Amino acid sequence: MYAAEGTAGHALAEHLIRKYLKKRTTRPTSDFYTDELVEAVDEYVAFVISEIEDARRACANPIIIVEQRVDASEYVDNCFGTADMVIITDKYAHVIDLKLGKGVEVSAVENPQLMIYGLGVLNMAEAIYDIEIVRMTIFQPRISNSSTWEISPEDLKRWGNDVLRPAGAQALIGAGEFSAGSWCRFCKARNQCRARAEAFLELAKHDFSRPALLSDEEIADVIAKADDLAKWASDVYAFAQDQAINHGKRWPGFKVVEGKSNRKFTNEADVVKAAAAAGYTDIYKKSLIGITEMERLMGKEQFRSVLGPYVYKPHGKLTLVSESDKREPVSTDTAQMDFMEVDENEGI
């Protein structure tokens with residue numbers, strides 16, 4: 001579902017950019033085109049257009065290509081991909097990748113996917129220009145993330161030879177070592193991968209000691225892995241449940257049972273008629289639509305004008321995160337005072 005939505009979003013982005021470039025194109029249609037997705041695509045297209053215009057100002061004849069197949073088979077046999085956007089000037093080659101996911105923030109810094117694309121684009125670009133910089137951008141409009149990283153052609157080729165080439169050779173023969181990490185959530189083998197299991201079961205070395213008895217280093221080690229550990233346990237459970245329910249698998253010590261369910265009406269129209277015939281008419285609930293839906297209904301400018309004075313953003317719940325998180329740290333003393341003031345104002 002998410003892949004299909006992403007494909008639909010990319011198709012719309014390609015159409016809009018091609019239209020801007022005055023190239024023949026047909027607007028795609030899809031059931032995935034909600035206002036929210038279209039708005040995200042529009043944001044990406046606006047970014048791309050600004051990059052195109054910058055390139056036109058910097059170079060008399062820039063090369064601008066949408067959805068370009070790039071080939072890195074010079075480094076790994078049959079290694080290729082499709083770059084969402086490629087902009088080449090007489091000084092730089094720019095690869096832009098649109099990501100429409102909402103769950104994982106992706107950085108362009110030393111991003112292997114973009115570096116492979118960069119090698120393919122560089123191979124094309126150097127036939128025309130003397131490229132000085134390879135620029136790579138990840139654009140994630142739905143989580144307000146835009147990440148750009150630059151590398152020299154020499155350093156990128158060195159990475160291709162020293163890292164990509166040997167790793168690719170190992171992968172093609174099914175060799176190499178498994179490496180567990182945050183990327184595992186996208187792997188089809190994640191539920192049964194022994195390397196992933198061993199990485200998390202390493203936490204067992206703490207023997208489930210009480211937190212207060214662990215050292216600072218041990219606690220930091222645990223919380224660094226806690227989120228991925230929870231996801232891993234959820235993945236394993238989902239796999240085991242699917243095998244049991246849909247494939248008759250019997251797991252030692254477990255059984256399949258019916259879960260709790262809630263009562264439902266067979267037909268709401270019949271319920272309304274029967275209730276009315278019995279004299280009951282006060283049978284409906286009415287509630288205000290949410291802020292996001294209201295903003296979509298009115299449009300951002302009208303929403304801001306009409307309802308702006310009635311909207312506020314309360315303090316978010318304090319949470320402990322990695323130092324790599326982009327959010328600014330807060331002073332816990334100050335935050336506690338802020339929350340106390342809100343509580344007192346609300347009479348809590």
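Residues are numbered from 1 along each chain as its sequence is written. In this predicted model, local features need pLDDT of at least 70 and side-chain atom pairs count only at pLDDT 80 or more, while totals for chains, interfaces and linings use all residues; side-chain values use heavy atoms, with hydrogens and water left out.

**Stop 1: the sheet.** Select the open sheet of 5 strands, ordered E1-E2-E3-E4-E5 with mixed pairing. Strands (E, at least two residues) and helices (H or I, at least four) are DSSP runs numbered from the N terminus, and two strands pair if DSSP finds at least two bridges between them. The edge strands are E1 (63–71) and E5, each of which pairs on one side only. On average, neighbouring strands of this sheet are turned by 25° against each other, direction ignored. Axes here are lines fitted to C-alpha atoms, for helices over the stretch in contact, and angles run from 0 to 180 degrees between N-to-C directions.

Stop 2: Select residues 133–140 for E4, which pairs with E5 in the antiparallel sense over 7 bridges. Thr137 stands opposite Thr148 in E5, and Gln140 has Asn145 as its bridge partner. The two strands form a hairpin with 4 residues between them, and Ser144 in the turn has a positive phi of about 55°.

**Stop 3: helix H3.** Select residues 112–125; H3 lies across E1, E2 (80–88), E3 (92–98), E4 and E5, and runs at about 140° to E3.

**Stop 4: Asp155.** Asp155 is in helix H4 (residues 153–172). At 36% relative accessibility, Asp155 counts as partly exposed (buried is under 20% relative accessible area, exposed over 50%, partly exposed in between, with a 1.4 Å probe and protein chains only). Its C-alpha atom is separated by 9.9 Å from that of Val134, 21 residues apart along the chain.

**Stop 5: H5 and H6.** Select residues 194–201 (H5) and 216–247 (H6), which pack at an angle of about 130° with their axes 10 Å apart. That makes H5 oblique to H6 (under 35 degrees is roughly parallel, over 145 roughly antiparallel, 65 to 115 roughly perpendicular, the rest oblique). The contact (heavy atoms within 4.5 Å) includes Phe200 and Leu201 of H5 and Leu229 and Trp232 of H6.
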